[in-house]
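Let's walk through this protein together, going from its strands to its helices, its disulfides and its cores. Keep the 3D view open as you read.

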Amino acid sequence: MLCQDRQWVVCVSSGLLLVIIWSFRLFDVRDAFSILVYDEPRQQHADGVFVHRAMDVEFPAPVDYRPIREVCARARFRPGLVFTCEEQHGGIGMVRNQILKCVRYAIHGGGAIVVPSMALRNASDISDIETTTEVPLENMFDREALVRHLTEGCPGMRVYNRLEDLPSYDQRSTETLSLVGDQFEPDHPPAGLRYPLKWRHYFDEWLAQQSVSIRPDTPVHVKLEQSFLEYPVRADGEAFANEFGKILSFRNDTRELAAKVLLGLKQRFALPIDPTKAINRDAYYGCHLRLEKDAIDAWQPDEWRFSRMEDQFEEQFRNIERTGLGVVYVASGDQTVVDVFARRLAIRLSAADSSQGERRNVTVVTKHDLLRSADRRQLDGLSFDQQALVDFLVLFRSSAFMGVAHSSFPWNIALRRHELSRYERYGNEGSDLLRDELSVIMGMAADYPHVDPFVSGLWP
């Protein structure tokens, strides 16, 4: 009896062995192996690959250094001259542009540059952006990427992490000289400087008036103070305008969190998201709501139509209905605003369903809904502006996007996305301030008491 039992075991074992052997012969070895082992490691590997690939897509295309090198080749850099840009303030759209503009002036002037810094927003009052709390570039951006891109794209320019790294800085010939970018054209039109390419000439004349001599052993330090959207970013050509902004990259942890949000959107809603593409069609809608305290304080609702919740919501609702997308990713620094938005959108769609006899499901989500465990804790540990970096990257990759015209944040996103548009101009599809097949900046000029020159003054 014992022998018979053993024969049965041998027969069953032999049969299993044959199944395994034929599985390896009939199927790919990896497929057969996946039958025998738990599949979670493979999924984790696939998720990691997705995140890594998504992190690499921050712009419509990788940086092309050629237009930057052409501009830098005309600069005639001179040892002993150094520029600094300290305590740049504002939201991420303005701080980013201020830093880029400072670098552009330094190229004009033919000097070295110290990696810029910024002012930290007051965490207890987000409308207070002009604080005296200075933080380094890496508070929002990737220092190593900036140095690498400037070294590659502008080889004649020296980049220093600190002023003290400049040779002979202690022997400088004069006290720090302060300069505002539009100081030489104080009466320029709203669209910006009339003669930006003459800035070097004006600057050299101004230096001569300061009675300084630029020499490596007696350096000159020029501090560029903050000015507002005065530099016409297309003065050096469209190619330079598209590429120059790419020298400044968001910090790596926010890019990783944004990639994980993108993965969450793909997995939770089975969306057709390819991480290697900047924009995936028919995936999700990107909605930027600018109704936080600092926005309401700056643009009072009694004067600014789209500072009123009802008007801003209405424009977004109509655009969501037009696109037909079923997942709406909302970016806002005020969760209460998001909750009201989701509730009113659901009511609106329910009423439309009742009248039309068909049901349309639309889900509203935020980054907080799509990150879990350690990733969520990491997000919660970031500042107001650092969290906005995550939203920026996810909105940039949305299938359709809409924001308001009085904020630089949505303009940055829409202008960056426009590089992928089939339209050359910004308003080809309608009367909004910006409308192409990818993005909308809501309303016409008449809807705003004032529209800042974001189109001419922001690098994409």
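Two strands count as paired if DSSP finds at least two bridges between them. What you are looking at is a predicted model.

The protein chain has 460 residues, and 52% of them count as buried. Its secondary structure comes to 17 helices and 13 strands. Among contacts with a separation of 6 or more, 75% are between residues 24 or more positions apart. The chain exposes about 21800 Å², with carbon and sulfur atoms supplying 51% of that area.

Now back to the strands. In which order do the six strands of the open sheet lie? The order is S10-S9-S8-S11-S13-S12, and the pairing is mixed. Strand S10 (363-365) and strand S12 (434-435) are the edges, each pairing on one side only. As a reminder, strands of a sheet pair through backbone hydrogen bonds, either parallel or antiparallel. Here, S11 pairs with strand S13 (residues 439-441) in the parallel sense over three bridges, while S12 and S13 run antiparallel and are joined by two bridges.

Cys-287 stands opposite Met-402 in S11.

Next, turn to helix H4 (residues 66-73), where Pro-67, Ile-68, Val-71 and Cys-72 are buried. Why do these residues line one face of the helix? Seen down the axis of H4, the buried residues fall within an arc of 135 degrees, so they share one face. The face of H4 turned away from the buried side carries Arg-66, Glu-70 and Ala-73, which are exposed. As for the buried residues of H4, they pack against helix H5 (92-109), helix H6 (143-153) and helix H8 (238-244).

How many disulfides does the count come to? The count is two. In one of them, Cys-72 is joined to Cys-154, with an S to S distance of 2.0 Å. This pair links distant parts of the chain: Cys-72 belongs to helix H4, Cys-154 sits in the loop between H6 and strand S5 (159-160), and they are 82 residues apart. The torsion about the S-S bond of Cys-72 and Cys-154 is about -110 degrees, so the disulfide is left-handed. Cys-72 counts as buried at 6% relative accessibility, and Cys-154 is buried with a relative accessible area of 0%.

Another disulfide joins Cys-85 to Cys-102, with S to S at 1.3 Å. Its torsion about the S-S bond is about -60 degrees, so the disulfide of Cys-85 and Cys-102 is left-handed. Cys-85 lies in the loop between strand S1 (81-84) and H5, whereas Cys-102 lies in helix H5, so the pair ties together parts that are 17 residues apart in sequence. Both Cys-85 and Cys-102 are buried. With the bonded cysteines numbered in sequence order, the pairing reads 1-4, 2-3.

Finally, consider the interior. In soluble globular proteins, nonpolar side chains tend to be buried together. Which residues have the most contacts inside the largest nonpolar core? They are Phe-203, Leu-265, Tyr-284, Tyr-329 and Phe-341, in a core of 125 residues. H5 gives the most to this core, with ten residues. Leaving aside residues up to four places away in sequence, Leu-265 touches Ala-270, Leu-271, Ile-273, Tyr-284, Val-327, Tyr-329, Val-365, Leu-370 and Val-394. Another core lies apart from the largest one; it has seven residues, among them Val-82, Val-114, Tyr-160 and Leu-166.

Key
Residues are numbered from 1 along each chain as its sequence is written. This is a predicted model: local features need pLDDT of at least 70, side-chain atom pairs count only at pLDDT 80 or more; totals for chains, interfaces and linings use all residues. Side-chain values use heavy atoms; hydrogens and water are left out. Helices (H or I, at least four residues) and strands (E, at least two) are DSSP runs, numbered from the N terminus. Buried means under 20% relative accessible area, exposed over 50%, partly exposed in between (1.4 Å probe, protein chains only). Contact means heavy atoms within 4.5 Å. Accessible areas come from the Shrake-Rupley method with a 1.4 Å probe; for residues, only the protein chains shown count as cover. The arc is that of the directions from the helix axis to the C-beta atoms. A disulfide is a pair of cysteine sulfur atoms within 2.5 Å. A nonpolar core is a set of buried Ala, Val, Leu, Ile, Met, Phe, Trp, Tyr and Cys residues joined through side-chain atoms within 4.5 Å.
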